[in-house]
Amino acid sequence: MKTQDMISMLNLKDPDELDLLFKQAYAVKKHTVGTNVYFRGIIELSNICTKNCFYCGIRKGNTEVQRYMMTFEEVIEAAVWSHEQGYGSIVIQSGERSDAEFTGFISSLLKEIQIRTNGELGITLSLGEQTEDTYRQWFELGAHRYLIRIETSNPILYHTLHPADHSWSKRIECIRTLKRLAYQTGTGVMIGLPGQTVEHLAEDIQFFMDEDIDMIGMGPFIPHHGTPYHNLVNGFDGEAALERALKMIAVCRIAMPDINIASTTALQALNPTGREMGLLAGANIIMPNITDTKYRASYTLYEGKPCLDENASQCIGCLENRITSIGESIGYRQWGDSLHYVNRKS
Ligand code: SAM
Ligand code: SF4
């Protein structure tokens, strides 16, 4: 797809034209990856973070946050629960730490999850930048997908959103290392970042294509009061943010028909049916939150995070209804691997 075509699609405003775009993306999805939605139960392991990304509610510099780390048993319980519910996979996500205590803790978790779920549960990690050795060790212990967003593919924009010691090049290096190690590799961006243009978003899609990535987890940027972007909280236009994010999903699906695309929770923060809208615009993955409700409010990356007091079993009933109501089905007990990865490896 040419950059100019991406830009034209991303610039659409007319409701009828937008409807056509979403229908086209949905047809591509239906034809290529089908209408099964795959669940990845997300475990928000810890909000302790050594980094200070300007946009993030759990950045190190936000002193209002009560820091936590789930216990070993709590994580195992959540993983086993997920397996029993027939969720094909889990995602373990956390603030970024690369000390030996943390990386060793993840290794022990991976070993125990494999034992307790007979190696049947798909495991995605989203734990930020790590060394090649750490990534390799986690892969050998059973993690087979990794999600690390580039946040924006434009290095100049990246540096306006991060302190000077955060490195865009390091992030690229991580994506490439993960691919080399044979992980199903996912990346993504935030949509609607301060200073971001439609041209930047088209560059992001080109970046996903050039890096030949297997999965995308992207969502709207939503400002948080405990960050340097607190002044954007009042006056934030949720409707426009949602529309922009849905257009990005649709264009990515059309440009990369066989990848997995997540309909992220941030969409639901902007509209109660935001995740269903994401599925109808071309996404095929949902990440239900299975973190214990006692921790959820402390993992607030952006304002208005949904389901803070809804436990995991309430979430599953609500999600099932939402998905079947739009005529899709749930791929219970299936990993739902990225077809792009399967094709790339065969
Ligand atoms: N610490 C790891 C990392 O940064 O890769 C993983 C966890 S981090 C909380 C996951 C993602 O949250 C980030 O990649 C970022 O895109 C997203 N995020 C952070 N702040 C956000 C905000 N204000 N609005 C939307 N998404 C946000
Ligand atoms: Fe930490 Fe990730 Fe938030 Fe950056 S986006 S501050 S690395 S949790």
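**Entry 1: a term, then the model**

I take a residue as buried when its relative accessible area is under 20%, and as exposed when that area is over 50%. Anything in between I call partly exposed. I note at the start that this is a predicted model.

**Entry 2: the whole protein**

I began with the secondary structure. The protein has 14 helices and eleven strands.

Next I looked up the overall dimensions. Along the principal axes, the C-alpha atoms fill a box of roughly 50 × 40 × 40 Å. The radius of gyration is 19 Å. A compact globule of 346 residues would have one near 20 Å, so the value agrees with a compact globule.

How much of the protein is buried? I found that buried residues make up 59% of the 346. The protein exposes about 13900 Å², and carbon and sulfur atoms supply 52% of that area.

I then turned to contacts between residues at least 6 apart in sequence. Of these, 75% join residues at least 24 apart.

Last came the charges. I have 32 positive and 42 negative ones in my notes. Their mean positions are 2 Å apart.

**Entry 3: positive phi angles**

Most residues other than glycine have a negative phi. I looked for exceptions.

A182 has a positive phi of about 80°, and it is not a glycine. I placed A182 in the loop between α7 (168-180) and β5 (184-187). Is A182 buried or exposed? Its relative accessible area is 19%, so A182 counts as buried, given that the cut-off is under 20%.

R333 is another non-glycine residue with a positive phi, near 55°. R333 sits in the loop between β11 (329-330) and α14 (339-345). R333 has a relative accessible area of 62%, so it is exposed.

**Entry 4: helix α4**

Helix α4 covers residues 100-116, which is 17 residues. From first C-alpha to last, α4 reaches 24 Å. That is close to the 24 Å expected at 1.5 Å a residue.

Which residues of α4 are buried? I listed F102, T103, F105, I106, S107, L109, L110 and I113. I kept the helix geometry in mind here. An α-helix has 3.6 residues a turn, so residues three or four places apart point the same way.

Then I asked what the buried residues of α4 pack against.

**Entry 5: around α4**

I looked at H83 next, which lies in helix α3. H83 and I113 are 30 residues apart along the chain, and their C-alpha atoms are separated by 9.9 Å. I113 is one of the buried residues of α4. Leaving aside neighbours within four places in sequence, H83 is in contact with T117, E120 and L121.

D99 is in the loop between β2 and α4. At 31% relative accessibility, D99 counts as partly exposed.

**Entry 6: V65**

My last stop was V65. I found V65 in the loop between β1 and α3. V65 is at 17% relative accessibility, so it counts as buried.

What does V65 touch, not counting residues up to four places away in sequence? The residues are N47, G57, I58 and S298. I also looked up the pair V65 and T300. They are 235 residues apart in sequence, yet 8.9 Å apart in space, C-alpha to C-alpha.

Notes:
Residues are numbered from 1 along each chain as its sequence is written. Chains are lettered from A and ligands numbered from 1 in the order in which they are written. This is a predicted model: local features need pLDDT of at least 70, side-chain atom pairs count only at pLDDT 80 or more; totals for chains, interfaces and linings use all residues. Side-chain values use heavy atoms; hydrogens and water are left out. Helices (H or I, at least four residues) and strands (E, at least two) are DSSP runs, numbered from the N terminus. The radius of gyration is taken over C-alpha atoms; the globule rule is 2.2 Å times the number of residues to the power 0.38. Buried means under 20% relative accessible area, exposed over 50%, partly exposed in between (1.4 Å probe, protein chains only). Contact means heavy atoms within 4.5 Å. Accessible areas come from the Shrake-Rupley method with a 1.4 Å probe; for residues, only the protein chains shown count as cover. Lys and Arg count as positive and Asp and Glu as negative; His and the chain ends are not counted. The place of a charge is taken as NZ of Lys, CZ of Arg, CG of Asp or CD of Glu. The expected span of a helix is 1.5 Å times one less than its number of residues.
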